[in-house]
Amino acid sequence: MFKVTYFIVFAIGCCLGAGVIHFWGSNFDLGDEINIVDLSSVLTTLFLAFYIPTVLEKNRDSKKFVKEIIIKRVDALQQNFDSISSSVSSCDTSIPVVQDTKSDILGKFTRISNDLKVLEQIFDEIKAKQIIKDYIGKINTLRRRYKNHVTGGRFDLNSFVYTGTAKIQESVLATEVTKELSFLILKINALQ
Amino acid sequence: MGIQYRELMDKFITLKVAEEFTKTPGVREEIEGNFPGEQFLKEVLLLKFEQALKENIKLLVDLDGASGYPTSFLEAAFGGLVRHYKSVQTVRDNLIFISKDDPYLIGDIEEYINDALKKDV
């Protein structure tokens, strides 16, 4: 479609030029010699008019699209972590955690693992720099620490409660996760 | 310790947690009692592992189909297995996992196995 449009515009330009020469040619004093500098300038302009939209801008838009996809994935990851944090902080320190809440927390951790794996695969696919891939390893280590804290201890006991201390520690770990995910987004934005 | 399931089913004793124990490890109804991790170890995992050792083949633990695994359950089960045999190597050499539902679960379990003897019981 783009090539057809380009051809049509080029043809119109040629026809206009021919028309001007035919009808008003006597009003113009046209030289017989071609100036090399002017010709180079025209050819360079034509080349840039073609190269910039078809190659440079397309490449830029493609990279922007990939970054947006990745950032959406990181946002989804953050939402799941936030959801778990919200579940933990809303638990009463004197009332056992209900089974539905436990199931929900475990389900969210499974989703986090899968989302993280997808990110890892995307970075492999786009051949991201090692420093970006290392961030996935860092976030995975944090994920494990966070999961160990939230679902460790005697989580499987019916009488399990999140103590005040446990909730504070959870909050510290959740903040660390948010920080690393934010750094990851900054790294992604800085990608060429 | 993860492996391709189809190719190796015949060469292992298999243990499907969701079918042979529970689909909700670590999330139990009151009537089912507490300590599901230890219960899984004593009633299912130890027996199958011992059988695998006797027959000189590996135990393939399929973790798929469950609603998620809390650390408390995994540590009690697989960490407990290491503490029973007092050997990380024995467990690592004879246990294989499958986990398509949660891609990092096997790595987590490996950590609990490696750290099992450092834990104060």
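These exercises work through a predicted model with chains A and B.

Residues are numbered from 1 along each chain as its sequence is written, and chains are lettered from A and ligands numbered from 1 in the order in which they are written. In this predicted model local features need pLDDT of at least 70, side-chain atom pairs count only at pLDDT 80 or more, and totals for chains, interfaces and linings use all residues, while side-chain values use heavy atoms, with hydrogens and water left out.

**Exercise 1. Outline the fold of chain B.**

Step 1. Count the elements. Chain B holds 6 helices and 3 strands. Helices (H or I, at least four residues) and strands (E, at least two) are DSSP runs, numbered from the N terminus.

Step 2. Read their order. From the N terminus on, it is α-β-α-α-β-α-α-β-α.

Step 3. Check burial. Of the 121 residues of chain B, 53% count as buried. Buried means under 20% relative accessible area, exposed over 50%, and partly exposed in between (1.4 Å probe, protein chains only).

Step 4. Check the contacts (heavy atoms within 4.5 Å). Take those in chain B with a separation of 6 or more: 79% of them come from residues 24 or more positions apart.

Step 5. Chain B exposes about 6000 Å², and carbon and sulfur atoms supply 48% of it. Accessible areas come from the Shrake-Rupley method with a 1.4 Å probe; for residues, only the protein chains shown count as cover.

**Exercise 2. Describe helix α3 of chain B and its surroundings.**

Step 1. Find its span. α3(B) covers residues 36-55, 20 residues in total, and reaches 27 Å from its first C-alpha to its last. That is close to the 28 Å expected at 1.5 Å a residue. The expected span is 1.5 Å times one less than the number of residues.

Step 2. Look for a bend. A kink of about 40° is centred on Leu45(B). The bend at a residue is the angle between axes fitted to the seven residues ending there and the seven starting there.

Step 3. List buried positions. Among them are Phe40(B), Leu41(B), Val44(B), Leu45(B) and Phe49(B). Lys48(B) is also buried.

Step 4. Identify the cover. It includes β1 (12-16), α2 (17-20), β2 (58-62), α4 (71-85), α5 (88-94) and β3 (95-98) of chain B.

**Exercise 3. Which residues of chain B have a positive phi although they are not glycine?**

Step 1. Recall the background. Most residues other than glycine have a negative phi.

Step 2. Take Asn56(B). Its phi is about 60°. It sits just after α3(B), in the loop between α3 and β2. Asn56(B) is exposed because its relative accessible area is 69%.

Step 3. Take Lys86(B). Its phi is near 55°. Lys86(B) is found in the loop between α4 and α5 of chain B. At 67% relative accessibility, Lys86(B) counts as exposed.

**Exercise 4. Place Thr93(A) in chain A.**

Step 1. Locate it. Thr93(A) lies in the loop between α2 and α3 (99-125) of chain A.

Step 2. Classify it. Its relative accessibility is 41%, so Thr93(A) counts as partly exposed.

Step 3. Find its partners. Leaving aside neighbours within four places in sequence, Thr93(A) is in contact with Val161(A), Tyr162(A), Thr163(A), Gly164(A) and Lys167(A).

Step 4. Compare sequence and space. Thr93(A) and Thr54(A) are 39 residues apart in sequence and 61 Å apart in space, C-alpha to C-alpha.

Step 5. Continue to the next helix. α3(A) has 27 residues and reaches 39 Å from its first C-alpha to its last. Just after α3(A), Lys127(A) takes a positive phi of about 55°.
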